[in-house]
Amino acid sequence: MAKAQPAAIDCSNCEACCCRLEVMLFTDTGVPARFIREVPGQVAVMRRGEDGWCAALDRNSLRCSIYEQRPLICREFAMGGEECLEERVEGLIARQPC
């Protein structure tokens, strides 16, 4: 029996798994200060909401509310790429919705 092929990942079915990852801010891309968490002696990171998701994520659309100003690491994280697929699998293994 042939193995079912997973649906292609695009904006309409993305589960925003990457928006639960720690996002370090190594470069200035214009991220608004209200989305940045700074701890003395550490690299600045994106703030997270109480739910653990990135504070810049629009919870209704699961899209980035600061897309044009998103961090470099987010720009380099390819939707449907190897890292994206790994995060989606990890979410399933942990039995947590992404």
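1. In this note, Ala, Val, Leu, Ile, Met, Phe, Trp, Tyr, Cys and Pro count as nonpolar, Asp, Glu, Lys and Arg as charged, and the others, Gly among them, as polar. With that division, the lining of the largest pocket comprises 23 nonpolar residues, 9 charged ones and no polar ones. The structure discussed here is a predicted model.

2. The pocket itself has a volume of about 750 Å³. It is lined by 32 residues, and those closest to its centre are C18, C19, R70, C74 and F77.

3. On the overall layout, the chain contains 4 strands and 2 helices. Their order along the sequence is β-β-β-β-α-α. The chain has 98 residues, of which 26% count as buried. Buried here means under 20% relative accessible area, exposed means over 50%, and partly exposed covers what lies in between. The later points rely on these cut-offs.

4. How many salt bridges does a search of the whole structure find? The search gives 3.

5. R37 and E22 meet through their side chains in a salt bridge, at 4.0 Å from N to O. R37 belongs to strand β1 (residues 36-37) and E22 to the segment before β1, so this pair ties together parts that are 15 residues apart in sequence. R37 has a relative accessibility of 34% and therefore counts as partly exposed. E22 is also assigned to the partly exposed class, because its relative accessible area is 40%.

6. E22 has a salt bridge with R48 as well, and here the closest N and O atoms are 3.5 Å apart. This pair links distant parts of the chain, with E22 in the segment before β1 and R48 in the loop between β2 (45-46) and β3 (57-58), 26 residues apart. R48 is partly exposed, at 36% relative accessible area. Taken together, E22, R37 and R48 are linked in a network of salt bridges.

7. The remaining pair to describe is R59 with D51, a salt bridge in which the closest N and O atoms are 2.8 Å apart.

8. The surface carries a nonpolar patch formed by M24, F26, V43 and I73. The accessible area of these residues together is about 370 Å². I73 lies in helix α1. The relative accessible area of I73 is 38%, so this residue is partly exposed.

9. One backbone angle deserves a comment. Most residues other than glycine have a negative phi. L62 is not a glycine, yet its phi is positive, at about 55 degrees. Where does L62 lie? L62 is found in the loop between β3 and β4. With 30% relative accessibility, L62 counts as partly exposed.

Notes:
Residues numbered from 1 in each chain as written. Predicted model: local features only at pLDDT ≥ 70, side-chain atom pairs only at ≥ 80, totals over all residues. Heavy atoms only, no water. 1 Å grid on protein atoms, 1.4 Å probe; cavity = no way out; pocket = protein on both sides within 12 Å on 5 of 7 lines; lining within 4 Å. Points joined across faces, edges and corners; volume = space filled by probe spheres on them. Patch = residues over 30% accessible without salt bridge, like charges linked within 9 Å, V, L, I, M, F, W, Y side chains within 5 Å. Areas by Shrake-Rupley, 256 points an atom, 1.4 Å probe, with all protein chains shown as cover. Buried < 20%, exposed > 50% of the residue type's maximum accessible area, 1.4 Å probe, protein only.
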